[in-house]
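Let's take a friendly walk through a structure, one region at a time. Keep the 3D view open and turn it as you read.

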2 protein chains.
Amino acid sequence: MNPELHDRAQYLLKTLVERYIREGQPVGSRALARESGLDLSPATVRNVMADLEDMGLLRSPHTSAGRVPTARGYRLFVDTLLKIEPLEMTQVKDLEHRFSRVQNSATLLETASSLLSNITHLAGIVMLPRQDHATLRQVEYLPLSEHQVLAILVVNDREVQNRIIRTERQYTASELERAANYINSLCAGKDLYLVRETLLEELKSAREQMNMMMVAAIEMADKAFEQCPPSDDFLLAGQTNLMEYGELSDVEKLRQLFEAFNQKRDILHLLDQSLKASGVQIFIGEESGYEVLDDCSVVTSPYEAEGEVLGVLGVIGPTRMAYDRVIPIVDLTARLLGAALNKQH
Amino acid sequence: MNPELHDRAQYLLKTLVERYIREGQPVGSRALARESGLDLSPATVRNVMADLEDMGLLRSPHTSAGRVPTARGYRLFVDTLLKIEPLEMTQVKDLEHRFSRVQNSATLLETASSLLSNITHLAGIVMLPRQDHATLRQVEYLPLSEHQVLAILVVNDREVQNRIIRTERQYTASELERAANYINSLCAGKDLYLVRETLLEELKSAREQMNMMMVAAIEMADKAFEQCPPSDDFLLAGQTNLMEYGELSDVEKLRQLFEAFNQKRDILHLLDQSLKASGVQIFIGEESGYEVLDDCSVVTSPYEAEGEVLGVLGVIGPTRMAYDRVIPIVDLTARLLGAALNKQH
DNA sequence: TTTTGCACTCTCTATGTGAGAGTGCTAACT
DNA sequence: AGTTAGCACTCTCACATAGAGAGTGCAAAA
């Protein structure tokens, strides 16, 4: 097989994938011959297509229906044939604008996911910032009622969490203030998972010293952190967009896909894989390793603020998606979200 | 039309609805004659069915397909013919148990919605406790960074909300404490919507007195309440259950229904109507007034704690649902959720 | 009032048919 | 060699047709 032919085969694959993405119909030899612009007869194209099929890049839905790309075909297309359109400046500005006027960090994430879904007409997904590297900024206790204390944890300078703690006896405001000060001097600035270790150690020495105030303070703090969820979660927008694609419109398949979104587990695993990646990452069809996603592609990008990777965002849609548009959008959204979170600070 | 016949017609309507709910197929005269146990020929049953159709209680999907109930048919069935099965004691105990071991009030609501959806195999919905009658318990300010203050609002003794407020200058902890004390003495115990009025008035007199500390305190508080959302929201579980019912399995209809869930607006309006009702309320098909719900029924019940109605919960499913099972389940869940929220206190 | 009998309607499932699209293969052409 | 033309073949899709089955409505009989 000489290289010139190989080039031609690649070119034909490219135009086939492009056309299939555009039209959604299996592509036949004649249409491809015409569309390619190469001066070839359908018969020649058929030969090439047969080769591509042997290589596992194409397949026929049935004997006489033209060809569609396989996951491996899309992969080759995306990796080496795809020319990514740079986004138009107006679109970039528009996105920037929409991010700029959101203040709250929670709504920032929501904005990101709904923007992703609106612009791409796919499902947009944003993994919540992970907590495992969260550092405790400060703790505060407020008396709520006789047996309840409200613990407020300020984490990472940008996030606040509340826990309601049941206590054995009533505490006065000044007692609680002292307890909080004590915990703050002990733990402020530490990683959350370090905090709990510190607390345990301190609890031992406090018990030895018989310092009941300190014991109570620590036990309260421990109860607060105990409730700290691993925060494995994501936001999803535009699920319903997926119902409009013919290839997914089988109700049973859709049900399983939506079920997977609800379960969250598999999706989170997949997103986790992109955490370490440095830029846009693409999972095509079976590549993801999850059966429900067999007919879907997932395009992700990690987003970061203050130099640290916080999470992953992206879109989920049919394998037949406009990668050239989707990839830069996911990329830009990740950057903008990061920048917006930075400004938050 | 003599009363005996009327009774018979009602009885036949009842068995028809029961059978249709059970089987999901239009019921023909012969099947109904047999199932009714009345010693009638199919022809007689046909006459009765024709009458019922004239009355708008039944309709035929097409000329020779038997009959199915209309919304009005279901209505009559539910209002006067339905015998509600009391729940089995084991099931009651089981539900109680599941509620009993949840501590957090947010997860209580989630538990309720997922229980509803799991037990009924429909979509479970729980409206979040509404805030309009919320009374402010206390306000607390924490310094976060140079230009940011964290405001913590304790509302209704059981709920806590955070806002991050941008400030012109930096405030010390003691300044903030004094500001909070001031606001607390002013507003604690008041309704949220009263609070804002109070703040506005107070702001005027503070300005006159040129008391800059008070002005700053009030402005901060106002910014905090400004962000107070009306909290029009609900939790939804088991959307995917709805995909398994044939009558809804048209992808386009489903899309519109799910879209309505996302939009939330219409659904909230509907739920609002049940707030004032005292017990289980049922919207059948078109009765709801929302086109997307034409093929759905909604069974709701308000739930209350400490003698006050907090919100509404219920299920959404196809009109053909097992009302006799669903109604007591919704009823019980509302009671149990209320009881659990009470214990929370 | 109820039932019987009967013609009629409508759906559903098979079945068949022809057109259209596309393929694979072979043989001819460059 | 690589390319092309020709051709038989396959598969789907749209459409028509037919019969079975279910159920109806109506008129006449019980």
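Predicted model: local features only at pLDDT ≥ 70, side-chain atom pairs only at ≥ 80, totals over all residues.

To find A:Glu306, look in the loop between strand 9 and strand 10 of chain A.

Because A:His121 has 18 C-beta neighbours inside 10 Å, it counts as partly exposed; a residue needs 20 or more to be called buried.

## A sheet of three strands

Next, find the open sheet in chain A where three strands are arranged in the order 4-5-6, with antiparallel pairing. Strand 4 and strand 6 (159-166) stand at the edges and have a single partner strand each, so one side of each has no neighbour in the sheet. From one strand to the next, the twist averages 20°. What holds such strands together? Strands of a sheet pair through backbone hydrogen bonds, either parallel or antiparallel.

Now zoom in on strand 4 (residues 136-145) and strand 5 (residues 148-155) of chain A, which pair in the antiparallel sense over eight bridges. A hairpin of two residues joins strand 4 to strand 5 in chain A. You can follow the pairing residue by residue: A:Gln138 stands opposite A:Val154 of strand 5, and A:Leu142 has A:Leu150 as its bridge partner in strand 5.

Is strand 4 of chain A mostly covered or mostly uncovered? Strand 4 is mostly covered, with eight of its ten residues buried. Helix 7 (residues 173-187) of chain A lies across strand 4 and strand 5, running at about 165° to strand 4.

## A helix with one buried face

Move on to helix 11 (residues 265-275) of chain A, whose buried residues are A:Ile267, A:Leu270, A:Leu271 and A:Ser274. Looking down the axis of helix 11, you would see these buried residues fall within an arc of 95°, so they line one face of the helix.

What covers the buried residues of helix 11 in chain A? The cover includes helix 10 (251-263) and several strands of chain A, among them strand 3 (123-127), strand 7 (234-237) and strand 8 (281-284).

## Around DNA strand D

DNA strand D has 24 residues around it, and those that come nearest are A:Thr44, A:Thr63, B:Gly28, B:Ser29 and B:Ser64. By class, the surface near DNA strand D has twelve polar, nine nonpolar and three charged residues.

Which helix gives the largest share of this surface near DNA strand D? Helix 3 of chain B does, with four residues. Helix 3 (42-54) of chain A and helix 2 (29-36) of chain B each supply at least two residues as well.

## A last stop in chain B

Finally, look for B:Asp94 in helix 5 (residues 89-100) of chain B. B:Asp94 is partly exposed, because 14 other C-beta atoms lie within 10 Å. B:Asp94 and B:Asn184 are 90 residues apart in sequence, and their C-alpha atoms are 43 Å apart in space.

Note on methods
Residues numbered from 1 in each chain as written. Chains lettered and ligands numbered in written order. Buried ≥ 20, exposed ≤ 12 C-beta atoms within 10 Å, placed from the backbone. Arc of directions from axis to C-beta. Contact = placed C-beta atoms within 7 Å. Near = placed C-beta within 6 Å. Nonpolar A, V, L, I, M, F, W, Y, C, P; charged D, E, K, R; others polar. Pairing = 2+ DSSP bridges. Axes fitted to C-alpha atoms, helices over the stretch in contact; angles between N-to-C directions.
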